[in-house]
Amino acid sequence: MQSKSVGTPLIRVDGRAKVSGKAMYAADKDLARICHAVIVPSTISKGTITQMDASAAEKVNGVLAILTHKNAPKLPEKPGASDANRPSARKLQLLQNNVVLYANQPIAVAVAETIEGARDAAESIRVQYAKQAHAVDLERRVIASI
Amino acid sequence: MTVGALVRNSDLAAHPLVRERYPVLSEALLSGATGQLRNAATTGGNLLQRTRCYYFYDPSYPECNKRNPGSGCAALRCVNRIHAILGASPQCIATNPSDMSVALAAIGATVQVQGAKGSRTIEFSNFHRLPGDQPQRETNLQPGGVDRVCHLPSQPDCRRSSYIKVRDRNSYAFALVSAAAVLVLDGDTVRDVQIALGGVAHKPWRVAAAERALIGKKASAESWRTAADLLVQGAQPHQDNRFKIELARRTAVRALTTAAALS
C-alpha cells in the first residue's frame with residue numbers, strides 16, 4: 001500500500017531556523033534572575049560515597065546551594081513489587097543515597113548565580129569512595145544474574 | 001594589521017585583507033571547529049583554548065599534572081595517540097589544539113596583553129609555554145592578565161602561505177598534525193620562510209634551524225624534506241603516536257610545496 005507521508009521528503013517546521021542559526025534554544029533565552037546548575041558526576045562506576053567535602057564549594061562567589069544525597073529532597077519511592085520493573089513505572093532516583101550504580105552518575109549539583117560560579121563550585125567538591133568491581137559486559141551480566 | 005581579541009573567528013577568516021595578505025590564517029581558521037563555533041569563537045578565546053587530552057578532562061583519571069599539579073600524567077601510560085612528540089616533559093605530553101595559533105606562529109604575530117601593571121607585547125613564540133614541570137601554566141599571561149589585540153606584521157610578505165591539516169576525518173576534528181608555511185621566493189630561490197607545526201607539542205612548533213637551512217636554497221622537494229627533518233629533530237614518540245613523526249615531516253613538505261605552487 002502506498003503511503004502519502006512515510007518515505008516522502010517532508011520540510012521540518014524547525015528546519016530552516018535550526019540550520020541558519022536562528023532557532024532559539026532554552027539556553028538562548030535571557031531571563032531575569034536565572035541561576036545555573038552544574039552536575040558533579042561520579043568518577044567511579046560502582047560503589048559507595050564515603051565522604052563528600054563541599055566546604056570550598058559553598059564559599060564560591062554567588063553559590064546558592066550545593067545539593068547532595070545528604071540534603072536533596074526525597075523523591076517518590078520506587079515502584080512496588082507488583083509494578084514489576086517496567087521502564088514506565090521507574091521513578092528517578094538521584095541524590096537519594098550514597099550508592100553509585102554507574103559511571104558519571106550525578107552525585108551532587110552546584111547551583112549558583114553564574115555558570116562560572118556553578119562550574120567552579122562543582123569542580124571544588126572533594127569526594128571519597130569505596131570502590132567496587134564494575135561490569136562492562138551486558139550479556140554476561142544478565143546471564144550471570146539468571 | 002591589528003586584530004582585536006573579540007573579533008569572531010568566522011569574521012577574521014572572511015576578512016578580505018586577511019584572505020589577501022595572510023591566507024594561511026584564513027585557511028587555518030576555516031579548518032577548525034564548525035561554522036556555528038567559528039561564529040561564536042573569538043581571537044582572544046582561541047589563543048587561550050586548552051588541550052583536548054582526554055585525561056585532562058576526565059576526573060575519573062586522577063593523574064593529571066595540568067589539572068592537579070603533582071598528581072602525575074595518565075596519558076603517559078594510557079592511550080596517547082593524539083599527544084605530543086616534541087617539547088613535552090615527564091609531567092605532561094598534552095598538545096595545543098588551536099589551528100589559528102599555528103598560523104599566527106608562522107606569521108610571526110605579536111600579542112598585546114593587559115595586566116594589573118599595564119600593557120606589554122609578547123612575541124607569539126613566547127605566548128604559549130612548554131609544559132616543563134609546570135604544565136598547569138599554559139601561557140605567559142600573568143594572573144588577571146588578558147589578551148587584548150594581536151598584531152600581524154607586514155614583514156615577511158605572507159601572501160604565499162598555506163595551512164595543511166591532517167586528521168582522521170575531513171571535517172569537524174582536531175589536527176593529528178598540521179603545518180602552516182609562509183614562503184617568500186625570489187624566482188625559485190627561497191628568500192624567507194617561516195613554518196610552524198601543530199598537533200605535535202604544547203604550543204605551535206617552530207625551529208629556527210629548519211628555517212635558516214632553507215634561505216637561499218632552491219624551492220624543491222629536496223629542500224623541503226631537509227627542512228622537515230630539522231623540524232622534527234629530537235621528536236620523542238609514545239606508545240600510540242609514533243606515526244606523528246613521519247606524518248609531521250610529510251605535512252610540512254606538503255605545506256611548503258603548496259605555498260610554493262601558489263601563483
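This report walks through a few strands and a helix pair in chain B of a predicted model.

## Ground rules

In this predicted model, local features need pLDDT of at least 70 and side-chain atom pairs count only at pLDDT 80 or more, while totals for chains, interfaces and linings use all residues. Residues are numbered from 1 along each chain as its sequence is written, chains are lettered from A and ligands numbered from 1 in the order in which they are written, and side-chain values use heavy atoms, with hydrogens and water left out.

Let's start with strand S7 (residues 189-198) of chain B; strands are DSSP E runs of at least two residues, numbered from the N terminus. Of its 10 residues, 7 are buried, so S7(B) is largely enclosed by the rest of the structure (buried means under 20% relative accessible area, with a 1.4 Å probe and protein chains only).

S7(B) pairs with strand S6 (residues 177-186) of chain B in the antiparallel sense, over 9 bridges (pairing needs at least two DSSP bridges). Ala180(B) has Ala196(B) as its bridge partner. In this hairpin, 2 residues lie between the strands, and Gly187(B) takes a positive phi near 65°.

S7(B) also pairs antiparallel with strand S8 (residues 205-206) of chain B, over 2 bridges. Here Leu197(B) is partnered by Trp205(B). The hairpin has 6 residues between the strands, and Gly199(B) in the turn has a positive phi of about 80°.

## A helix pair

Now for two helices (DSSP H or I runs of at least four residues). Helix H9 (residues 221-231) of chain B packs against helix H10 (residues 243-261) of chain B at an angle of about 140°, with axes 9 Å apart (axes are lines fitted to C-alpha atoms over the stretch in contact, and angles run from 0 to 180 degrees between N-to-C directions).

Methods
Buried means under 20% relative accessible area, exposed over 50%, partly exposed in between (1.4 Å probe, protein chains only).
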